[in-house]
Structures are given as structure tokens and as C-alpha cells.
Amino acid sequence: MGLARDREAIFLERKIMIRDAILQLLKEEQGTYVSGERMSEVCEVTRTAIWKHIQALRMRGYEIESSTKKGYRLIRTPDLLHPQEIDCRFLRFGKKYYYMERVDSTNIKAKELAAKGEREGTIVVAEEQTAGRGRLDRGWYSPLGKGIWMSLILRPPYLPMEAPKTTLMVAVALVKTLRELGVSGAKIKWPNDILVGGRKVAGILTEMQSTMDHIEYLVIGIGLNTSLEEEDFPQALRQIATSMVMEGICLPRYLILEKLLHALEAQYESVVTQGFRKTLEEWRSLNNILGQEVQVHASDGLYTGFAEDIDDEGHLIVGLMDGSKRRVVAGDVSVRTRMQLEQKKPQETEV
Ligand code: BT5
């Protein structure tokens, strides 16, 4: 049983290697023909096998022209997040890149890898998630090819009690990326939502493995809706979700991912070398919650107040009507802004 599975895994790996090699050859020749003979030599398989792989690539959206005399020529590359499409040569994040067409959840996969010792900066990217996860076991809708569904492994030098600030750091990097790409209205809602015009365009799920004083690893899951149209969302999400395309920004996903990886790495470097202060300042200028009336749904009850600030730990400070202040820790609360309450949206956006 185990042996059969091993053989199957080796077979699959070899298949992927051959397909990657074919793509590499086609891309190197940039629109000119590569003969079937050369491909079969390089890949060490028969020309019939090459033809089968070409068929499989066509099924995935690669437009490849063939000529009996000249061989194969790449005409168009589909909008995939295949590592060959992403340029992370100058980055630490994404150097180790696990790419999956379909997975239950990239966070689950990344946690398995991190537990086996996979290095910091490794990313897991999927075209589709069948059981994408939000916080507190909520779901994350992740249809094929319509977003960036990824997880990043970090092994930060800071203490476990500082880990929640990582979510704020990622939120800053996400909003900066979105704004740079033209989504000018992108804002952060504490702690893990990115909204445009009150609708959610992205969410962050940070998971940690640690001892009392040491972070073993963090897995940062990011779900960013890039190309969904309103009708692509399930009914329950239509009023509360948006995407980059719905905000008028239509770009290939590989380009968005490249920019995001750059921004994440730069933000992380700043935190690791200089601490969180600068990132928290940036957060304050990019959020949509401070100064707003909020309703907090905490484990000890429901209360309303004003979101006044975030403290040095990244916790939300809420001023209550009686003049007292509450320190809200992410993870066990949901916060609704006045706008969301007034709109009586079918589902609250929880944090
Ligand atoms: C989040 O949770 O916002 C964290 C989402 C993290 C998703 C990424 S994708 C890659 C990685 N692998 C995973 O399995 N997860 C991460 P939360 O704040 O709990 O928000 C979840 C709520 O957002 C749901 O209950 C829905 O109301 C809403 N929602 C679900 N899918 C959405 C989507 N695609 N766009 C906007 N809102 C969505």
C-alpha cells in the first residue's frame, strides 16, 4: 500500500518535472519553434510522450501551436500562479514555492511543511481551495483561478506575545500592494480584513506553533479576491465581498503575487530589524476603524464603544460610554462598525 503510494508520488513528480522542462524550453525560445526531437532529448522521453504533455498543457490553458515539420511554439500563457510565471529571483519569500492546482487549504499544507522544518519564506500557493479556512473555523471561498490563495511560513525572532502584530504587518503590506496597483480605496479593518468601500477584498489567517517564549513557526494565510465578478460569489457573500476586478483593476495574477511578495518581505524586514513601531504607525494611517463606533462581540458579552487606537501590542482600544476603556484582543471577538450595523448586512465581518 505504502509502496504503491510512493511509486504514484514519484510518477506524479516526474510528470510535473517533464511538463516544467517543456514549458521552460518553449519560453526560452520565446515564440519560435522547438522541435519535438529536441524536447524528447532534453526530457528523456519519447516524442509521443511529449505530445501527450503538450496536450495536458493545452488543457491548462497554454496556447501551443504545433507543426509537423517545425515542432511546437508557445503563443500564450494562461493566468496561472505557476512558479515559472513568478519572478522572485531577488526575494527570500517565494524562493521555495509549493504550487498546487487544488488543495483543501494552503494553511493546512504549510503547517505540515513547517512542522517538518521547511524554511522561512516558503510559500504554498493554490489555484483552488476546496476547504479554504477563515478564523474560528469559518470558511473562505476560493474558486479556481480567481484569487490569490496562499500561505507563507515565517520563523520570526520575536516573542509569541508579539505574534498577533504579524497580522497587522501583513495587512499593511496587503493594503500598500493594493493601493500601488490602483485599488486606492483599500483599507484595513482590525485586525485581519482588507475592505474596499466596506466590502471585503482580502482576509488574513495567522496560525502559530510556539512554546512559552519561542515561536516555532507562523503560517500566514492570505486570501485575496482578484478576478471574481459579483455573480461568481455565493449569494451569502455578494453584498459583503468584492474583488480587484470589481474595483476596476484587472491584472495578471502573477504580477499581483510578485508585488505582494515584495511588499511582505520589505515589511517583515522592517519589523525584524527595527521593531513594530513604524509598521503600527503605517497601520494607523491605512485603517478604516479608528474613530468609528464599533460593536464588539467578545466572549464576556456584547458592548458598543469608539475604536480609539491600537496599543503597542496591536490590541484595539475601545472607549465605552461610561468613560472606561476596553482592550480588545484579536482572536476571540468580532467587531462590527457602525456602517455595517446600519447596512444590516446579512453576515457580520468578523475579526
Ligand atoms: C479571514 O477569516 O478573513 C481569513 C481568510 C484567510 C483565507 C486564506 S486563503 C489561503 C489560506 N488558506 C486557508 O485555508 N485560509 C487562508 P474571517 O475573518 O473569519 O472571515 C471569514 C468570513 O469571510 C466568512 O465567514 C465569510 O463571511 C467571508 N468570506 C468567505 N470567503 C470570502 C471571500 N472569498 N471574499 C470575501 N469574504 C469572504
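This talk goes through some helix contacts, loop residues and backbone features of one structure. The model is predicted.

Two packed helices are described by the angle between their axes and the distance between the axes. I will give both for each pair.

Take H5 and H6 to begin with. The angle between H5 and H6 is about 140°, and their axes are 9 Å apart. That makes H5 oblique to H6, since angles over 145 degrees would count as roughly antiparallel. The crossing of H5 and H6 is right-handed. On the H5 side, the contact is made by Met169, Val170, Val172, Ala173, Leu174, Lys176, Thr177 and Glu180. On the H6 side there are Ile256, Lys259, Leu260, Ala263, Leu264, Gln267, Tyr268 and Val271. By class, the contact of H5 with H6 has eleven nonpolar, two polar and three charged residues.

Next, H5 and H7. H5 covers residues 164-180 and H7 covers residues 277-286. Their axes are 9 Å apart, at an angle of about 55°. H5 is therefore oblique to H7, and the crossing of H5 and H7 is left-handed. From H5, the residues in this contact are Lys165, Leu168, Met169, Val172, Val175, Lys176 and Arg179. H7 contributes Thr279, Leu280, Glu282, Trp283 and Leu286. The contact of H5 with H7 divides into seven nonpolar, one polar and four charged residues.

That leaves H6 and H7. H6 runs over residues 253-274, and its axis comes within 8 Å of the axis of H7, crossing at roughly 135°. So H6 and H7 are oblique to each other. Gln267, Ser270, Val271 and Gln274 of H6 meet Lys278, Thr279 and Glu282 of H7. In the contact of H6 with H7, one residue is nonpolar, four are polar and two are charged.

Glu162 sits in the loop between strand S5, residues 147-154, and H5. Glu162 and Ile215 are 53 residues apart in sequence, and their C-alpha atoms are 9.7 Å apart in space.

Ala163 is also in the loop between S5 and H5. With a relative accessible area of 5%, Ala163 is buried. Leaving out residues up to four places away in sequence, Ala163 touches Tyr158, Met208, Ile215 and Leu218. Ala163 and Ser210 are 47 residues apart in sequence, with a C-alpha to C-alpha distance of 9.9 Å.

Another loop residue is Glu118. Glu118 lies between helix H4, residues 106-115, and strand S4, residues 123-129. The relative accessible area of Glu118 is 11%, so Glu118 is buried. What is Glu118 in contact with, leaving aside its neighbours within four places in sequence? The answer is Lys96, Tyr98, Leu113, Ile153 and Arg155.

Next, helix H2. H2 covers residues 36-43, and Gly36, Met39, Ser40 and Cys43 are buried in it. Seen down the axis of H2, these buried residues fall within an arc of 95°, so they line one face of the helix. An α-helix has 3.6 residues a turn, so residues three or four places apart point the same way.

The last topic is the backbone. Most residues other than glycine have a negative phi, and most peptide bonds are trans. There are some exceptions to show. After H2 comes Glu44, with a positive phi near 55°. Leu136 is not a glycine, yet its phi is positive, about 45°. Asp137 is not a glycine either, and its phi is positive, about 65°. Leu136 is in the loop between S4 and S5, and Asp137 is found in that loop too. How exposed are they? Leu136 has 54% relative accessibility and counts as exposed. Asp137 is exposed as well, with a relative accessible area of 71%.

For the peptide bonds, the one to look at runs from Trp190 to Pro191. This bond is cis, with omega near -10°. Pro191 is in the loop between strand S6, residues 186-189, and strand S7, residues 193-196.

Key: Residues numbered from 1 in each chain as written. Predicted model: local features only at pLDDT ≥ 70, side-chain atom pairs only at ≥ 80, totals over all residues. Heavy atoms only, no water. Buried < 20%, exposed > 50% of the residue type's maximum accessible area, 1.4 Å probe, protein only. Helix = DSSP H or I, 4+ residues; strand = E, 2+ residues; numbered from the N terminus. Arc of directions from axis to C-beta. Contact = heavy atoms within 4.5 Å. Axes fitted to C-alpha atoms, helices over the stretch in contact; angles between N-to-C directions. Parallel < 35°, antiparallel > 145°, perpendicular 65-115°, else oblique. Left-handed = near helix turned anticlockwise from the far one by under 90°. Nonpolar A, V, L, I, M, F, W, Y, C, P; charged D, E, K, R; others polar.
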